[in-house]
Amino acid sequence: MKQTFSALVLGAAVLLAPAAQAAEKLGLNAISAYLNDMKTAEAAFTQISDDGFISTGTLYIKRPGKMRFEYDPPNFGVVVAGNNTVAVVDRKSNQRPETYPLSKTPLSIILARTVNLARANMVVGHGFDGTSTIVKAQDPEHPERGSIEMSFTGDPVELRKWVVEGETGERTTVILGAMETGHTLRSALFNPDRPVLDR
């Protein structure tokens, strides 16, 4: 499970669902506004780790500062971000959850209370591939902690994928399905002290 987390938070890539053609490259202010407007989100995801291992599951986001990955069988893992902490659970073992400061992962960039991609030295890549706007961002004060490369389609703006690259260069591919936003998500989903829910 530690390897799964490393792939997810220290290097990530995502499988894309069919998306509408974007008319043009999105500006950083438009993308920042989209992320700031996103209060809750839920989507299926497919994750491809740096070694090619593929897993699937459901992603939950509650901004600011909260995220949950629930992995499908046979993985059964859980990764929860909340209270400035990330907890990683391997439910196939008897080990206690591993915990990490959220601030030390590239995911903290999109979970920040206020996202400002126009901040100096935060964005190190901003391109367009004919369909998606691709933004590569890092913590300008701690670039050594890795980066997150996000893909967005336009009209309307939607996050489709991210690739996280870690301190040692490992990358993970995660692909997002259709995203449901603006609905209520219970707080228990994002408690790193009790990451495994009672069903």
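**Close-up 1. Phe76 in the loop between S4 and S5.** Welcome to the stretch between S4 and strand S5 (78-82), where Phe76 has its place. In this predicted model, Phe76 takes a positive phi of about 65° although it is not a glycine. Most residues other than glycine have a negative phi. With a relative accessible area of 36%, Phe76 is partly exposed.

**Close-up 2. The cis bond between Arg63 and Pro64.** Here the peptide bond joining Arg63 and Pro64 is cis, and omega is about 0°. Look for Pro64 in the loop between strand S3 (54-62) and strand S4 (66-71).

Close-up 3. Strand S10 (residues 147-153) pairs with S11 in the antiparallel sense, over 7 bridges. To get your bearings, find Ser147, which stands opposite Glu165 in S11. The peptide bond from Asp155 to Pro156 is cis, with omega near 0°. Is Asp155 buried or exposed? At 73% relative accessibility, Asp155 counts as exposed.

**Close-up 4. Strand S11 and its partner S12.** Strand S11 (residues 158-165) is largely enclosed by the rest of the structure, because 6 of its 8 residues are buried. S11 runs antiparallel to strand S12 (residues 171-176), and 5 bridges join the two. Val163 stands opposite Thr173 in S12. Between these strands the hairpin has 5 residues, and Gly169 there takes a positive phi near 90°.

**Close-up 5. The nonpolar cores.** The largest nonpolar core has 37 residues, and the members touching the most others are Met67, Phe69, Ile110, Leu117, Ile148, Met150 and Trp162. Helix H2 (residues 28-37) gives the most to this core, with 4 residues. Apart from it you will find another core, of 5 residues, including Leu185, Leu189, Phe190 and Leu197.

**Close-up 6. The largest cavity.** The structure holds 3 cavities of 30 Å³ or more, and the largest has a volume of about 50 Å³. Its lining is made up of Ser103, Thr105, Pro106, Ser108, Ile109, Gln138, Asp139, Arg145 and Gly146.

**Close-up 7. Confidence along the chain.** The protein averages a pLDDT of 87, and 87% of the residues score at least 70. Over residues 4-22, the pLDDT is below 50. Beyond near neighbours in sequence, this stretch has 90 contacts in the model.

Notes: Residues are numbered from 1 along each chain as its sequence is written. This is a predicted model: local features need pLDDT of at least 70, side-chain atom pairs count only at pLDDT 80 or more; totals for chains, interfaces and linings use all residues. Side-chain values use heavy atoms; hydrogens and water are left out. pLDDT is the predictor's confidence in each residue, from 0 to 100. Contact means heavy atoms within 4.5 Å. A nonpolar core is a set of buried Ala, Val, Leu, Ile, Met, Phe, Trp, Tyr and Cys residues joined through side-chain atoms within 4.5 Å. Buried means under 20% relative accessible area, exposed over 50%, partly exposed in between (1.4 Å probe, protein chains only). Two strands pair if DSSP finds at least two bridges between them. On a 1 Å grid over the protein atoms alone, a cavity is a set of points where a 1.4 Å probe fits but cannot get out, and a pocket is an open set with protein on both sides within 12 Å along at least five of seven lines; lining residues have an atom within 4 Å of a point. Grid points are joined across faces, edges and corners, and a volume is the space filled by probe spheres set on the points.
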